[in-house]
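Welcome! Please take a look at the sequence and fold shown here, and then let us walk through the backbone and the ligand site together.

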Amino acid sequence: MNFGARVTGTGSAFPENRVNNASIVEKLKKLGIETSDAWIRERTGILERRISDVENPAEQNSSLGFSAAQKALEMAGRSPEDIDQIIYATCSPDTLLPSTACWLQHKIGANKAWVMDINAACSGFIYGLATVEKFIQTGQVKTALVVGGEVLNPFLNWEDRNSCILFGDGAGAAIVEQVPADSTQRILSSHLLSDGNLWELFHMPAGGSNMEVTPEVYSRKLNKFKMKGKEIFKIAVKTLSDFANYALKKNQMTVKDLDWFVPHQANRRIIEAVANRLSLPMEKVLINVDRYGNTSAATIPTALDEAVRNGTIKSGQTVLLDAFGAGLTYGSMLLRW
Ligand code: ACO
């Protein structure tokens, strides 16, 4: 390894429309489906989420990514011309072609960069950071932009009360820069794994090349998310705990060495169960699922950005990122901030 990689700036952006649980209850009631604010709060910890107006160009996935990236560039003291590489982590691209990374490049004007999307669902931001870290370590890239951005609402089945209550839209970004390999402040290690055998737990049958969205497919809602929530819950608790422990062990650390734990924000009960298994006090866990729901690849960068901007995360602190997502995909990353 010739170099290290350090996060030098973060940013986030959300759509304007705040949708609280009461609004979801009303929406589902019109469809003849029962839910309640109490059920959503108690079973998920979610109080509200943001929902993009997809007809508003400012609230497209790449536009939220653009706003988040601008803020991250400003914090890092960099301009779009400094960016060599853009990775856009998303499972809800603006279009299948071109990539959302290309749409972002078009908007931000980082004209010397090469860009691509990564679809690792909710683990996408960690997969993106781990990818740019490798290019930076070998000296091929000096400054990279990683965005985790999602506009999930077009893919929600509002007749499935199990899943539609969980998700929200938003984007988070990070500027990652080359530093000396022995720098104290850098990404310390990353750990990725996927298990495609578990594809059925969270998937969308149509919308790709396997199945065109015909009127019949549309009426059967095959172009919407299908989720086995209970099964995912159990696997998530186990793998998040395992991946957190693995990252700590690889760095000869224990939970006592951690300043902050930033898990994927799918359900507050999942996060609490993981903290409990790790014997980690909840005071060290960053949470934003209450205000934004599950924003998939955006949960970790938006939680990070909030904590950096309000002074919760300070220079030199040790931060552990930990995610699971559709695929299934898993990933953890330890950083010294
Ligand atoms: N309102 C009221 N009742 C509901 C609702 C709702 N919105 N949803 C489900 N219920 C009912 C069920 O029908 C069930 O009723 P029954 O006992 O009469 O059959 C009861 O509540 C309990 O259902 P469970 O499925 O046991 O509820 P659970 O506590 O497991 O919570 C949930 C369900 C919220 C989906 C949870 O399992 C979960 O969060 N799983 C993880 C989901 C996840 O992370 N998905 C994304 C992963 S990948 C990615 O992030 C892209």
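Where is Gln252 found? Gln252 is in the loop between α8 and β11 (260-263), where helices (H or I, at least four residues) and strands (E, at least two) are DSSP runs numbered from the N terminus. This is a predicted model, in which local features need pLDDT of at least 70, side-chain atom pairs count only at pLDDT 80 or more, and totals for chains, interfaces and linings use all residues. Residues are numbered from 1 along each chain as its sequence is written, and side-chain values use heavy atoms, with hydrogens and water left out.

**Backbone points to check**

Most residues other than glycine have a negative phi, and most peptide bonds are trans. Gln252 has a positive phi, near 50°. The bond from Leu97 to Pro98 is cis, with omega near -5°, and Pro98 has its place in the loop between β4 (85-89) and α4 (100-108). A cis bond also runs from Gly327 to Leu328, with omega near -5°; Leu328 lies in the loop between β12 (318-325) and β13 (329-336).

**The ligand site**

Around the ligand there are 24 residues, and Thr35, Arg43, Cys122, Lys230 and Arg269 come nearest.

| Residue (polar side-chain atom) | Ligand atom | Distance |
|---|---|---|
| Thr35 | nitrogen | 2.7 Å |
| His264 | oxygen | 3.3 Å |
| Arg269 | oxygen | 2.6 Å |

The protein covers 78% of the 1,000 Å² of accessible area that the ligand has on its own (Shrake-Rupley method, 1.4 Å probe).

Which elements give two or more residues to the shell around the ligand? They are α2 (37-44), α6 (161-164), α8 (229-250) and α9 (268-278). The largest share, 4 residues, comes from α8. By type, the shell divides into 12 nonpolar, 8 polar and 4 charged residues. Here Ala, Val, Leu, Ile, Met, Phe, Trp, Tyr, Cys and Pro count as nonpolar, Asp, Glu, Lys and Arg as charged, and the others, Gly among them, as polar.

Finally, the shell draws at least three residues from each of domain 1 (3-180) and domain 2 (187-336), with bounds from an automatic or database domain assignment.

Definitions and conventions. Near = heavy atom within 4 Å. Polar contact = N/O pair within 3.5 Å; in protein donor to acceptor, adjacent residues only side chain to side chain.
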